[in-house]
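Open your viewer and keep the selection tool ready. This tour goes from stop to stop.

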Amino acid sequence: MKHGIHFFDRSIFTTAIQDFTAVIKEDPMNAQARLYRGRAYAKQQQYRSAVEDLSAALHLDPFCWLAFYCRGCILRHVDPKRALQDFSVSVLINDTRENFSSFLHRGVIYAEQCQWSFAICDFESVLALDRSVTFAYLSIGLIMLLHLDQYYKAIQLFTDAIEVDPLDVQAYICRAQAYHKIHNLQDAVRDINRAIHLYPNKSQLYILRGKYLMEMKKYELSSLCIHQVSEMDEESFKSQPVQRALIQSFCQNHNKAIECMCEVIANQPEPSMYVFLGKIQMKAKKTKEAMESFKRATKLLIASGRTLPNTFETAEMYYLIGLCYMEQVHLFQACDAFSTAIRLHSSYPDAFYQRGLCRMKLGQAKCIQDFNRTLALCPSHFQAYMSRAVYYGSKGRYSKAILNCNEALKINPNSVRAYFYRGLLKYQNKTYKVAIEDLSKTIDLNKSCILAYYNRAVSYHQIKDFRKALKDYGILLLLEPSKEIVFKVLINRGLLYVELGDYSNACEDFKAAALHSPFDSQIFQAIGICYHRINEFEEAVRSFNQVLKLDPLSVDAYVERGNSYMENGQEPDRKQAQKDFLKALHLNPKCVKARICLGYNLQALGKFQKAWNQFTIAVDIDPTCHAAYDGRASVCLRMGETFAAFQDTNAALKLTTTAALLTNRGIINQFMGHLSCAMRDYQNAISVDPNYALAYFNAGNIYFCNRQFSQALDYYSKALQLEPRNESAVMNRAITNTILKNIKEAEEDFEKAVSLCPFSAAVYFNRAILYYGLKQYELAEKDISTALSIQPNDALMYKFRSDIRAKLGFRKEALDDYKQAISIQEQINSM
């Protein structure tokens, strides 16, 4: 027995077997001899005899863990189920470090059977027994990497393996692949470099490094790697031109790849070689040449037999021909080619999909059937779901299109295209908030997706979130997109500023847009309106002049230019405005807006009857135009026809209820002496629009007339909060504060009124009354003198200054003022 063990340990298995056989003849019950002879047979690959001896050893000694382990190793490939049982019994008998190999082999079998959790448990048991077994680290890491998608855990396990054995090239390669999965290409290249350092003659490592460098867009370094491979093993590449072509194609050297394949075809003109050549030509964008190659492949197939074989390879040729036709936009021929591919191989999802695309571009409803068939054959076909979403979206069936995008995102959860298109569909479906969520996700995945920023800005605009919309428009302009996008952004942002009432910024955006489209009259029209709103009327006129140069028949331009002339308030400008309104009416006699503007123009010129006629014509043209009734009411009021004005205002209010119209009716009621009705109108105007300053001011006036000074003060203050530069409200509040003896507030209001209206005699006159009441006669005399310098023929002010000067002891001057007051009054009475 010892003699046999001696030869077994020295791997002299034939002599060892003879010795163990001799022992067994003398002692058939010797389990140890059976065990060793079985192991020796296994070493000599006499597996049947080995299994018999190991089984006999186990029969004699059922607790021999080594026999179970050895038999499991032999049966691992031929009978994995029995091998699992043997390894399990072996570790049950002996679970110490001495038998860690049983755990290791059982883990390998579990991995081969895709029982990942059991395999991981066994490899972890190996590591618990011996931390130096790098194979266990690598095995768990590969399961995490290839099957469980737990890339970071895989990286840690490969790192542990490298720490145990820094020269293990397999660990570096595996970790590089894991880094590649998480798009950490820099570390992936670093690990491949380490592997190359350990095995500098392994060509596949150079190819892998070239692939990673190409993904990093370091094309020169990538190409260098492939050249290194060819230099390292030049003869083998010459003997394998197909592989050489693959490498050149990988390096984007398509012409060289085509040359290699032409060499192959010269010696081996087979259909598969022509197909391979055609694919390379397609990559090189040589579509016509690619189609010729595929057609030659089909001719060779037909030459070898009377009919085309119904194989996938044949169908693929027609499929590729169809792709070439699509590239050339020959859609009908492409459709026929895909149909042939389907006829040859009925389970070809890509052929159904491409035919569906052709039919969709041709406007054929049958395309949806092809997409459905594609998904029936391949439920994970991302492109089919997206194309079906596009089809339903084009038909306005947005909900169904969104459902298809949802399915696409289940297949590819990080698809920029799917999130972007779903966001567009939700926008079209008017669900703006959820559209914003999808567009934001698109931007998270691709920070430079210009269209996502643009559509999100438009969506923010729709939900009135102007701040975020402006931010997105600003980002778009910083990204320097195409001129078309810049133009649209400037127009949209300009419109947004208009909606916010920020006409200055809107004007700047429209002017920038005009540089991109200098012949677009609508942009200059918008610029003119913005200038009008910021009271730059001369610039507005220039803009409308430009509109009329580009479009001499623009009615709106004539009307808006006329309004700009009107705002200047001078007689010549009003005459010019009248000409513009008349030109607009000459171009379109039914333009209600032009007639209303002409009516106000004639009213400003004092031609009330003609103004009334224009408003009446406007009412006849459009009986539902409340502005025409309102304009006619204002003319009637100026003509003293209070009741007619009241009727027109009521007619306007029947059409629409606005704070302005209610306030106008309140003014008419006030003229008619119906103060309670006027107050009711002002209060209704405030309820309709709480920010309408004129209603507060007029209501304050009624309270003032009724001597309800506290209420009047409140309303004047509210009017001034809304319109701080309303000089009438400031002066009236100053007078009210004077009456209420709010001296400090009254002085502040008069000071503000003077700054707003430095040439108003009424302001100085009323402040003089305040100073007179405070017995500050010198200040009172100064203010009344200023008032008289502005309005010199006012008897009342002379009388008041006479009283003030009398208080100051200036009797002669007081007497002169009194005489002047009498003289002016006598002149007035004699007229």
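Helices here are DSSP runs of H or I with at least four residues, numbered from the N terminus. This is a predicted model, where local features need pLDDT of at least 70, side-chain atom pairs count only at pLDDT 80 or more, and totals for chains, interfaces and linings use all residues. Residues are numbered from 1 along each chain as its sequence is written, and side-chain values use heavy atoms, without hydrogens or water.

**Stop one: a surface patch**

Select Ile93, in helix 6 (residues 80-93). Ile93 counts as partly exposed, at 31% relative accessibility (buried is under 20% relative accessible area, exposed over 50%, partly exposed in between; 1.4 Å probe, protein chains only).

**Stop two: ring pairs**

Rings of Phe, Tyr and Trp (its six-membered ring) pair if their centres lie within 6.5 Å; planes under 30 degrees apart are stacked, over 60 edge-to-face, the rest tilted. The count is 16 aromatic pairs. Select Tyr353 and Phe371. Their ring centres are 5.9 Å apart and their planes at 45°, so the pair is tilted. Tyr353 sits in helix 22 (residues 349-361) and Phe371 in helix 23 (residues 367-377), so the pair ties together parts 18 residues apart in sequence. Both Tyr353 and Phe371 are buried.

Next, select Tyr703 and Tyr715. This aromatic pair is tilted, with 5.2 Å centre to centre and 45° between the planes. Tyr703 belongs to helix 42 (residues 693-705) and Tyr715 to helix 43 (residues 709-722), so the pair ties together parts twelve residues apart in sequence. Tyr703 counts as buried at 15% relative accessibility, and Tyr715 counts as buried at 18%.

**Last stop: a cluster**

Select Phe312, Tyr319, Phe338 and Tyr348. Ring pairs link these residues into a cluster.

Note on methods:
Helix = DSSP H or I, 4+ residues; strand = E, 2+ residues; numbered from the N terminus.
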